[in-house]
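Take a look at the structure below.

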Amino acid sequence: MSVEITVTEDREICFRLRFEVFVDEQNVPVEEEIDALDDAATHLLATQNGQPIGTARIVFDGETAKIGRVCVAKAGRGTGLGKALIEKAVEIAEDTPGVTRAKLGAQVQALGFYEKLGFAAFGPVYDDAGIDHRDMVLEL
């Protein structure tokens, strides 16, 4: 398996992956999936043998890199690709001058996954697009 994760300007491919995972599988309303932050975000695209298989975005806000819209297509699940996407996003955040923390809103069932990557949960559980989430942070 040959997987590559790169920054991409091809948002349409990322949107298609996000639509497949969030809208089709998790029933997130389409109008909540793509937002104005996509215009300013850094988009990551994971490809396996040249085929799109995962994506994430990073929105920079002062000292914070907000990682979000992390998704892996069914064919890539259980392979470590989700971990690799987060690690790449954190690497980019660390390499960005002035950024001191990475933050994300994790689906509650994924808290353990992010904790293993060094993120710490804080604040209450909240509803985001009908799915329980909790904020998490990683000091860089």
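What follows is a short tour of two topics.

This is a predicted model: local features need pLDDT of at least 70, side-chain atom pairs count only at pLDDT 80 or more, and totals for chains, interfaces and linings use all residues. Residues are numbered from 1 along each chain as its sequence is written, and side-chain values use heavy atoms, with hydrogens and water left out.

**Cysteines**

- A disulfide is a covalent bond between the sulfur atoms of two cysteines.
- Here, a disulfide is counted when two cysteine sulfur atoms lie within 2.5 Å.
- The structure has zero disulfides.
- C14 is buried, at 0% relative accessibility. Buried means under 20% relative accessible area, exposed means over 50%, and partly exposed lies in between (1.4 Å probe, protein chains only).
- C71 is buried too, at 3%.

**Aromatic rings**

- Rings of Phe, Tyr and Trp (its six-membered ring) pair if their centres lie within 6.5 Å; planes under 30 degrees apart are stacked, over 60 edge-to-face, and the rest tilted.
- How many aromatic pairs does this rule give? The count is two.
- F113 and Y114 have ring centres 4.9 Å apart and planes at 75°, so they are edge-to-face.
- F113 is partly exposed, at 34%, whereas Y114 is buried, at 10%.
- Y114 also pairs edge-to-face with F119, with centres 6.1 Å apart and planes at 80°.
- Both Y114 and F119 are buried.
- Together, F113, Y114 and F119 make one aromatic cluster.
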